[in-house]
Amino acid sequence: MHPTAISYPALESFIAAEMERWHVPGVAVGILHNGQEYSAGFGVTNVVHPLAVDSDTLFQIGSTTKTITATVAMRLVEAGQLELDAPIRRYLPDLRLSDESVAKRVTLRHCFTHTGGWLGDYFDDTGDGDDALARYVERMADLPQLTPLGEIWSYNNAGFGLAGRVIEAVTGEPYEQAARRLLLNPLGMEMSFFGAADAITHRCAVGHIVMDAEDPAKARPEVARPWALARNANCVGGLISSAKDQLRYARFHLGDGLAESGERLLTPASMALMQSELAEAGSGTKAVGVSWLLGEIGGQKTVAHGGATKGQMSAFLFVPGGNFAVTVLTNADRGRTLHGRVVKWALENIAGLVAPEPTPIVLSADQLAVYAGHYHAALSDLDVTATE
């Protein structure tokens with residue numbers, strides 16, 4: 001364990017206990033509270049080739065990257081190169097989707113609010129070349145349109161692939177280069193990378209799958225392979241970052257659009273728009289802004305986005321009105337449970353925000369029966385039975 005700046009001994013004890021409980025080999029945590037910064041690493045990067053995790057250890061942050069893509073796009077909006085509500089065909093004239101009327105009308109706002117309506121869980125490796133995103137978007141023509149454009153929130157990874165391709169089209173740069181020039185470099189995020197080639201010279205966590213997870217006596221983490229994501233996933237969930245860099249990112253989004261250098265990256269109005277309720281959401285989220293998932297705890301708005309890759313999980317949440325942020329990076333598939341509990345602990349014990357316990361809804365057998373059945377999605381199947 002390697003803390004910096006200030007110390008939270010009770011939090012450190014809590015994390016150690018949770019790591020043992022959920023069989024998570026490594027964790028990095030960062031907290032901002034009233035201008036003070038805390039970061040620490042726990043455990044090891046890899047159960048086969050262990051190195052100590054510290055605040056600079058690199059983890060795959062997964063879908064928290066979507067907020068990077070949206071922030072880059074907002075910089076281009078302010079530069080007059082993009083409009084959130086312009087048809088994407090203004091920037092990609094050859095865009096094809098399975099529903100031609102959707103292809104004609106879809107905007108970046110639809111992508112950033114998960115309201116595009118086509119199949120969102122689309123992951124297809126289109127190679128490592130600079131044309132990876134262009135080829136990905138070409139193949140989106142085969143994705144079925146599941147709901148009407150703009151009417152229903154449904155988490156949509158593919159929409160952010162489309163948004164990343166738009167960024168490439170208007171900048172004339174590969175997505176990764178545009179993101180670094182427009183955001184990562186101005187924020188001083190020097191320990192944030194796209195792709196293994198850049199990250200490999202630093203201390204990197206690897207993902208783990210916890211085998212026999214339901215039996216504490218047999219549970220064991222095993223290295224998840226392959227480590228790298230497809231290049232076309234970089235704008236969707238491909239950033240590799242450290243707890244310290246995630247705190248730099250949090251500090252920016254808690255502010256009014258100024259980088260720590262004093263350079264203005266976004267206007268206060270754009271920052272506020274990103275955190276505004278633009279569409280109702282689900283899955284425990286109240287609403288969605290320009291990529292941010294919005295909620296409320298103790299009367300305070302929360303702004304968040306987590307992520308998951310191959311055995312690596314991340315949490316990222318800040319409270320604009322409480323000058324508070326927390327990030328948790330883990331290297332096991334059961335890290336999702338751990339980081340949820342660590343975020344809850346930090347909200348309650350540091351920010352003083354306690355979420356009410358959910359109240360169960362009591363339904364009759366007949367009312368429950370309508371939900372029973374087999375549910376199929378691109379990445380999973382689920383059987384639901386009704387019992388009293």
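**Reading a predicted model, feature by feature**

Q: How many disulfides does the whole structure hold?

A: The search finds zero.

Q: Are Cys111 and Cys235 buried or exposed?

A: Look at relative accessible area; buried means under 20%. Cys111 has 1%, so it counts as buried. Cys235 also has a relative accessible area of 1% and is buried.

Q: Where does Asn234 sit, and what does its side chain contact?

A: Start with the element, then look for polar partners. Asn234 is in helix α9, residues 234–237. Its side chain makes a polar contact with the side chain of Glu176, at 2.7 Å.

Q: Is Asn234 buried or exposed, and which residues does it touch?

A: Asn234 has a relative accessible area of 7%, so it is buried. Leaving out residues up to four places away in sequence, it touches Thr65, Tyr175, Glu176, Phe194, Gly195 and Leu239.

Q: How many salt bridges does a search of the whole structure find?

A: The search finds 20. One of them joins Asp124 and Arg139, with the closest N and O atoms 2.8 Å apart. Asp124 lies in the loop between α4 (108–112) and α5 (132–139), and Arg139 in helix α5, so the pair ties together parts 15 residues apart in sequence.

Q: What is the relative accessibility of Asp124 and of Arg139?

A: Between buried and exposed comes partly exposed. Asp124, at 27%, is partly exposed. Arg139 is also partly exposed, at 30%.

Q: Which residue does Arg220 meet in a salt bridge?

A: Its partner is Glu222, at 3.1 Å from N to O. Arg220 is partly exposed, with a relative accessible area of 35%. Glu222 is partly exposed too, at 35%.

Q: Where is Gly35, and which residues does it contact?

A: Gly35 is in the loop between β2 and β3 (36–43). Setting aside neighbours within four places in sequence, Gly35 is in contact with Arg251 and Asn323. The C-alpha atoms of Gly35 and Ile15 are 20 residues apart along the chain and separated by 23 Å.

Q: Which strands pair with β11, and in what sense do they run?

A: Check the bridges and the direction. Strand β10 (residues 287–288) runs antiparallel to β11, joined by two bridges. Strand β12 (residues 300–304) also pairs with β11 in the antiparallel sense, over five bridges. Now check who faces whom. Ala287 stands opposite Leu294 in β11. Glu296 stands opposite Lys301 in β12.

Q: What do the turns of these hairpins show?

A: Look for positive phi. Between β10 and β11 there are four residues, and Ser291 takes a positive phi near 80 degrees. Between β11 and β12 there are two residues; Gly298 in that turn has a positive phi of about 60 degrees.

Q: How many residues of β11 are buried?

A: β11 spans residues 293–297, and four of its five residues are buried. The strand is mostly covered.

Q: Which residues of α12 are buried, and what do they pack against?

A: An α-helix has 3.6 residues a turn, so residues three or four places apart point the same way. In α12, the buried residues include Leu338, Val342, Trp345 and Ala346. The buried residues of α12 pack against α1 (9–22), β2 (26–33), β11, β14 (313–319) and β15 (324–330).

Terms used: Residues are numbered from 1 along each chain as its sequence is written. This is a predicted model: local features need pLDDT of at least 70, side-chain atom pairs count only at pLDDT 80 or more; totals for chains, interfaces and linings use all residues. Side-chain values use heavy atoms; hydrogens and water are left out. Buried means under 20% relative accessible area, exposed over 50%, partly exposed in between (1.4 Å probe, protein chains only). A polar contact is a pair of N or O atoms within 3.5 Å; within protein, one must be able to donate a hydrogen and the other to accept it, and residues adjacent in sequence count only if both atoms are side-chain atoms. Contact means heavy atoms within 4.5 Å. Two strands pair if DSSP finds at least two bridges between them. A salt bridge is a side-chain nitrogen of Lys or Arg within 4 Å of a carboxyl oxygen of Asp or Glu. A disulfide is a pair of cysteine sulfur atoms within 2.5 Å.
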